[in-house]
Each structure stands twice: as C-alpha cells, then as structure tokens.
Amino acid sequence: HTQRQNGLTKIFSFLDVVTLCRCAQVSRSWNVLALDGSNWQRIDLFDFQRDIEGRVVENISKRCGGFLRKLSLRGCLGVGDSALRTFSQNCRNIELLSLNGCTKITDRYLQIFGPWKVTCNSLSKFCPKLKHLDLLEDEALKHIGAHCPELVTLNLQTCSQITDEGLITICRGCHHLRSLCVSGCANITDAILHALGQNCPRIRILEVARCSQLTDVGFTTLARNCHELEKMDLEECVQITDGTLIQLSIHCPRLQVLSLSHCELITDDGIRHLGSGPCAHDRLEVIELDNCPLITDASLEHLKSCHSLDRIELYDCQQITRAGIKRLRTHLPNIKVHAYFAPVTPPPSVGGSRQRFCRCCILL
C-alpha cells in the first residue's frame, strides 16, 4: 500500500494545477495526495486571474507553506492585502513572485510590521530567499535591497515612478543580481549604471529601453566593471554615442544580444569597434539597428566577421542598400536580415505627373 501511494504521489508531482484540482475531487484519498504541499512548488494563476480571490491565495499559502518556491499572481485583480500578508507569513522559502497588475495590493497592510508603509516590506523580511521579483513601487526597493540579498532577477518594466534612490539600494544590497529590467523607467539616470558597476559585477542582462537620461558616462562605468554582460536593450537611449559601443567592444566579451534601435547618434565607427571586439567573432548573435539614420553599408562590412550573427534589424536605416545586404550575406549566408525602406517620392517628371517608388521590405 505504501509503495502504491508513493507511486501515485510521484505521478501527481508531474500534474498541472487544473489537473491536480480535478484529481482532488475523485476520492478522499486522491484529495489528500493531490493537495499535498510538495505538488505545489510552482504555481502560475495568470490563466485564472478573473476567478482568483484573496481567500484562494490564503488557502494555497497555508497548504503549501514551505514547499512553495514560485508563484505568479500576475493580473489577479481580486488579490489584496490580507492574502499577501497570510502568504508572506506562511511561504518563507519563496524564490520567485510576480504581483504585476495586482492593483488591490496597497501599502496599508504593512502597518502591522512597523512604521514602514511600503508594498513588499513584509515580503522582504519574511522571504529572505526571494530571488526573482516582478512588480513594483519605488520605496519598496529599499526594503528588498535590505532583506533579499539572494535576489538575481528584478523586473520593473514601465514602473514609471521608480527613481535612482530605490534602485541604488537594490544594487548595494543584492550583489548577486544577474538580470535587471527597468525599461520605461524614464526617471533613472547614470547613477544607476554607476551603482551597478560598483556593486553588481556579475550582471548578465540589462534592459533600459526608453531610459533617455542615460549617457556614455554611465555606460562606460558599467562596461568597465561588468564583464559578464550578455544581453543589453538600449532602445531609445537617445543620448548614447559611439563612445558606449567602444567601451562595450573592449570590456564585454560575452555580449550576445544588443539593441540600439532609435539610438540616432550611433555611426559606422561605433559598429566598426563592435565588429572588431572580442565578442564579435564567436558571441554576438543579434544586433538591432533599426531607425539609426547614420548607419550605412559600411556598418555591414564591419559586421561580416561576426560568424555567430544570426539576426540583424535594419528597419528605416535609409542609408542601407540592397547591395550592402547582399554583400553581408556572402559572408554570413544564414543571417536573417529585417529591413524596411519607407516610400520615396521622386521629383515631378517633365509631364508634371509623379510616380511613387517603394524600397521594399526585406526578410532574409
């Protein structure tokens, strides 16, 4: 009997949330097996967001307790303060938590923990093993930085209220940080890049799209200290120039993915340095240069030695030609080139009529 039960327990461990709930309704013995906390280590409730209420999360936290490692409540509008308080008290081994879109969670429930009235204050104190976090509000970062030293992934995309102050605390307290997304956080400045460089040398993924206050000065500090960078999204970092690319080419030999979309000050010279850097020959896989008006066919020549290059984006690079793309493909026959050339209207003809010529979309 024990052997049979152990076999069923192992089978149940492979089932998803919906199937486990259905099994729990079959019989009393199956209910016990299906609802065993060890089967509920990873839970994603996004598909049930409209139906999930706070009491569901409270029941899950009480039943799963120390077993629960990963929980996504993304989009669960019915989950509020009470549920999160119960969760933080029962699930102290949580490593990944997503509260994105949980608009009923406020600062008020934190009053029981002291004078700080900040979202996730309790989470940071009760969940020191937290490694992945997807939220947030600005002031909460101070508490996460102070109490979650094992944090490796932080997603703050479009959290428009985030400022340098909270992020600097994260950098100083979370030295194991590997991935940071602050795309759309328009208030941040070079101070963040300096803090990352000084405190998080092993960061691998940095997404700072639309952070228009960042400059070459900050990226210089970052590149000189963070040599393990693999993916960088610098889209619409409109102040950066070739200076940033020069530093990345020298100090970041592991760079695989680089987005420079809408970085309008980038020129062929910056791409030349990148194409001759240590990442070029064996590492660089994707480079996005769409809407970089100063880029010409010369940049494609500089990239032809990047043997691992799998994809290049060239949308609306008006100085790129079909001939340049064709020459690149003679060296990199398997590369995917995405390019779109906006319609060009020529001068009026002798008869006064005008013809429209469209330089076409290329998908190679």
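Author: Buried means under 20% relative accessible area, exposed over 50%, and partly exposed in between (1.4 Å probe, protein chains only). The model discussed here is predicted, so local features need pLDDT of at least 70 and side-chain atom pairs count only at pLDDT 80 or more, whereas totals for chains, interfaces and linings use all residues. Residues are numbered from 1 along each chain as its sequence is written, and side-chain values use heavy atoms, with hydrogens and water left out.

Reader: Why is E53 called partly exposed?

Author: The relative accessible area of E53 is 42%, which lies between the two cut-offs and therefore makes the residue partly exposed.

Reader: What makes the contact of R55 with E53 a salt bridge?

Author: A salt bridge requires a side-chain nitrogen of Lys or Arg within 4 Å of a carboxyl oxygen of Asp or Glu. The closest N and O atoms of R55 and E53 are 3.3 Å apart, so the pair qualifies. R55 itself is exposed, at 55%.

Reader: How do you know that E228 is buried?

Author: E228 has 17% relative accessibility, and the limit is under 20%, so the residue counts as buried. Its salt-bridge partner is R202, at 3.7 Å from N to O. The two residues are 26 apart in the chain, E228 in the loop between α10 and β8, R202 in the loop between α9 and β7.

Note on methods
Helices (H or I, at least four residues) and strands (E, at least two) are DSSP runs, numbered from the N terminus.
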